[in-house]
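Reader: Please take a close look at the ligand site. What surrounds the ligand, and what kind of space holds it?

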Amino acid sequence: MKSVLITGGSRGIGRATALIAASRGWNVAINYVRDEASAKDTRAAIERAGGKAICIKGDIAREADVTAMFATAAKEFGSLDGVVINAGVVAPAMTLAEMSGERLERMFRINVLGSYLCAREAVRHLSRAGSGRGGSIVNVSSLAARTGSPGEYVDYAGAKAAMDTMTVGLAKEAGPLGIRVNAVRPAFIDTEIHATSGNPDRARILGKQTPLGREGTADEVGEAILWLLSDASSYVTGALIDMAGGR
Ligand code: NAP
């Protein structure tokens, strides 16, 4: 049986991915940082459907938490075959000129440093040069990396661009180790993250302006992530897949 660790697997896109993965036979390690009730709820939903899941509390921006969370998942499941680097944050919409140093530091600490630490640990665990069996890493970036998100959050957009560049470079580094590295770049997905930016209806409003005329769902992103995790995408690495209704 294959096993996957999903950072931020308790809510939104991470939760949807966890439920789909479990329904396709993956053991799932659900990482979260604060909302224990949602993490437990996701685990319970997986268990009710006959799957296996564990919850692991840990802040991806803290190196000790990241190494511990990977060690726990590997110990619990025997080994890891997939890692979804999904946890991320946004902050209230404003221009760069208005942003505080504290905000910028937090944004890059969680979304860049946190993602890089998780990717490093993923390679260490999956690498065939070590004790791993190879596998797949999926980064959850954002369309913002391409648009720059002017007037809303150029900090977040730049952090996601760093994930894209890491995806491209790490795919080349890790291919010979039996590891594929890809990214999805969603936008306008109906989750709770938009409330943090100050506009809970953002996905619904901006989704209407896309060629497909609607917001996306966490399940739709989860399906793409599962494809990238699975052997069905076995010749795909270093790819950035936009999921933004055609924008
Ligand atoms: P969400 O509903 O707000 O869920 C965020 C998840 O990340 C939660 O499980 C949260 O855990 C976890 N998390 C946050 N900070 C963390 C940290 N420091 N350490 C560990 N876990 C942490 O967000 P979402 O919309 O599903 O977004 C998931 C990813 O997709 C993010 O990277 C986001 O940037 C990206 N994305 C989303 C959209 C969209 O339209 N929704 C568009 C583009 C990209 P707790 O529950 O414990 O807080």
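**The ligand and its pocket**

Author: The ligand is surrounded by 31 residues, and the closest are Ser10, Arg34, Asn86, Tyr156 and Thr191. This is a predicted model.

The side chain of tyrosine 156 places an N or O atom 2.6 Å from an oxygen atom of the ligand. For isoleucine 189, a backbone N or O atom lies 2.9 Å from a ligand oxygen. The side chain of histidine 194 has an N or O atom 3.1 Å from an oxygen atom of the ligand. On its own the ligand has 910 Å² of accessible area, and the protein covers 96% of this.

Next, the shell. Helix H1 (12–23), strand E2 (27–32), helix H6 (154–174) and helix H7 (193–196) each give two or more residues to the shell around the ligand. By class, this shell has 14 nonpolar, eleven polar and six charged residues.

Now the space itself. The ligand takes up the largest pocket. The volume of this pocket is about 1,100 Å³. Its lining has 47 residues, with Asn86, Gly88, Val89, Val90 and Ile193 nearest the centre. Two or more lining residues come from each of H1, E2, helix H4 (101–126), helix H5 (144–147), H6, H7 and helix H8 (202–207). The lining of the largest pocket has 20 nonpolar, 16 polar and eleven charged residues.

Conventions: Residues numbered from 1 in each chain as written. Predicted model: local features only at pLDDT ≥ 70, side-chain atom pairs only at ≥ 80, totals over all residues. Heavy atoms only, no water. Near = heavy atom within 4 Å. Polar contact = N/O pair within 3.5 Å; in protein donor to acceptor, adjacent residues only side chain to side chain. Areas by Shrake-Rupley, 256 points an atom, 1.4 Å probe, with all protein chains shown as cover. 1 Å grid on protein atoms, 1.4 Å probe; cavity = no way out; pocket = protein on both sides within 12 Å on 5 of 7 lines; lining within 4 Å. Sits in = over half its atoms within 2 Å of the grid points. Helix = DSSP H or I, 4+ residues; strand = E, 2+ residues; numbered from the N terminus. Nonpolar A, V, L, I, M, F, W, Y, C, P; charged D, E, K, R; others polar. Points joined across faces, edges and corners; volume = space filled by probe spheres on them.
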